[in-house]
Amino acid sequence: MASLCLNSLPVPPSSLPRKLTQTSLSSSSLLDNNNNHSRGCALKPIVVSGDPPTFVSAPGRRILAVGDLHGDLKQARYALQLAGVLSSDGRDLWTGGETVLVQLGDILDRGEDEIAILSLLRSLNKQAKAKGGAVFQVNGNHETMNVEGDFRYVDSGGFDECNDFLEYINGSEDDWEETFTSWVDVSERWKENRTMSKSYWGPLNLLKRQKGVIARSILFRPGGLLARELARHAVVLKVNDWVFCHGGLLPHHVAYGIERMNKEVSEWMKGLHENDNNLKVPFIATRGYDSVVWNRLYSRDSSDLVDYQAKQVSSTLEETLQAVGAKAMVVGHTPQTIGVNCKYNCSIWRVDVGMSSGVLNSRPEVLEIIDDKARVIRSKRDIHSGLQAAAYT
């Protein structure tokens with residue numbers, strides 16, 4: 001398979017002119033966007049470099065970015081349907097054609113359908129590949145926290161789902177991929193059975209909770225089945241001229257090496273060196289206020305910054321983008337109460353809207369990128385149904 005070399009990617013000029021406009025978007029136009037990229041001349045195949053995926057060449061593709069989901073399967077489905085990549089008939093079919101979908105991390109914690117969402121995205125990726133599209137995920141701080149055994153933000157239903165899932169895979173005769181991708185189809189039934197059991201076996205709920213904690217530890221510890229599933233995903237992903245990460249990329253991250261960071265986090269999650277006493281958690285990517293998954297530098301409100309600080313942030317962002325050869329960065333991590341938005345001449349897009357019922361329970365929104373034009377897809381039911389859009393030249 002051909003691969004991309006970072007040094008071969010063009011570095012954009014330091015100042016990228018953009019034209020801001022306001023438009024509107026209907027569900028029919030979403031279908032047109034999906035179909036238009038499937039008609040006419042065949043698109044060149046998607047080429048992925050790195051393990052886990054780090055650099056992606058997806059010529060002519062419609063690119064979508066979805067923010068933090070935090071265990072809310074209903075809202076996750078709503079967001080994907082809003083974007084036109086998931087069927088609304090309950091069959092969870094990929095309807096995005098050759099679209100590339102990127103989920104920005106923090107699927108875990110604060111909700112009770114975390115594994116079901118992971119299962120859904122894995123299933124959609126398999127379907128998308130058959131259509132010439134792809135689904136990518138980047139890991140967030142809540143993914144790395146769970147692999148470290150930090151369960152402070154786990155919803156009670158999240159422990160229950162782990163217990164159910166462990167029982168389910170132990171009783172399955174299928175291979176891992178088939179078992180994992182089918183979980184989203186059966187998880188609701190397991191949840192219903194669990195709810196009935198709770199009302200009948202109330203005095204034993206504490207014991208079941210303890211079993212849930214143990215099950216989660218088994219699944220998410222380095223080398224565990226779900227930790228290995230998370231290890232398939234990067235902490236930084238570059239698709240065409242766009243870079244995606246959960247918190248924010250900084251110049252010293254790029255200098256350290258994006259592919260190197262992704263590999264180190266992946267190997268840690270896989271537990272490949274768990275007997276190595278010198279092995280440490282990949283600090284630069286997963287720990288500290290300025291690590292890739294924790295950084296909030298680009299997501300702070302302008303009101304929090306004085307002029308010179310804002311200029312410093314803008315300069316840091318520009319330096320990072322030049323170093324990685326990207327036109328713009330997309331991040332999650334910090335809920336945006338005003339919805340998906342861009343700052344610093346639209347060099348940074350913030351797509352975490354707190355859609356999970358465990359966060360803000362806000363209406364889902366999705367960032368769409370087509371032919372170097374970015375816009376926000378909002379529900380027609382939203383009062384602000386228009387789209388903030390930026391054209392990159």
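Is tyrosine 168 buried or exposed, and what is its relative accessible area? In this predicted model, tyrosine 168 is buried, with a relative accessible area of 17%, which falls under the 20% limit for that class.

Tyrosine 168 takes part in an edge-to-face aromatic pair with tryptophan 190, in which the centres are 6.0 Å apart and the planes stand at 80 degrees. Because tyrosine 168 belongs to helix H5 and tryptophan 190 to helix H6, the pair ties together parts that are 22 residues apart in sequence. Tryptophan 190, at 22% relative accessibility, counts as partly exposed.

The structure holds eight aromatic pairs. One of these joins phenylalanine 165 and tryptophan 176, whose ring centres lie 6.1 Å apart with the planes at 80 degrees, so that this pair is edge-to-face. Since phenylalanine 165 lies in helix H5 (residues 156-170) and tryptophan 176 in helix H6 (residues 176-200), the contact ties together parts eleven residues apart in sequence. Phenylalanine 165 counts as buried at 0% relative accessibility, whereas tryptophan 176 counts as partly exposed at 26%. Ring pairs link Phe165, Tyr168, Trp176 and Trp190, together with Phe180 and Trp183, into a cluster.

Arginine 216 is placed over two phenylalanine rings: its charged end sits over the ring of phenylalanine 151, 5.7 Å from the centre, and arginine 216 also lies over the face of phenylalanine 159, at 5.9 Å from the ring centre.

The largest nonpolar core comprises 97 residues, and those with the most contacts inside it are Phe244, Leu249, Met329 and Trp349. Helix H3 (residues 114-131) supplies the largest share of this core, namely eight residues.

Methods: Residues numbered from 1 in each chain as written. Predicted model: local features only at pLDDT ≥ 70, side-chain atom pairs only at ≥ 80, totals over all residues. Heavy atoms only, no water. Core = buried A, V, L, I, M, F, W, Y, C linked by side-chain atoms within 4.5 Å. Buried < 20%, exposed > 50% of the residue type's maximum accessible area, 1.4 Å probe, protein only. Helix = DSSP H or I, 4+ residues; strand = E, 2+ residues; numbered from the N terminus. Phe/Tyr/Trp six-rings, centres within 6.5 Å; stacked < 30°, edge-to-face > 60°. Lys NZ or Arg CZ within 6 Å of the ring centre and 35° of its normal.
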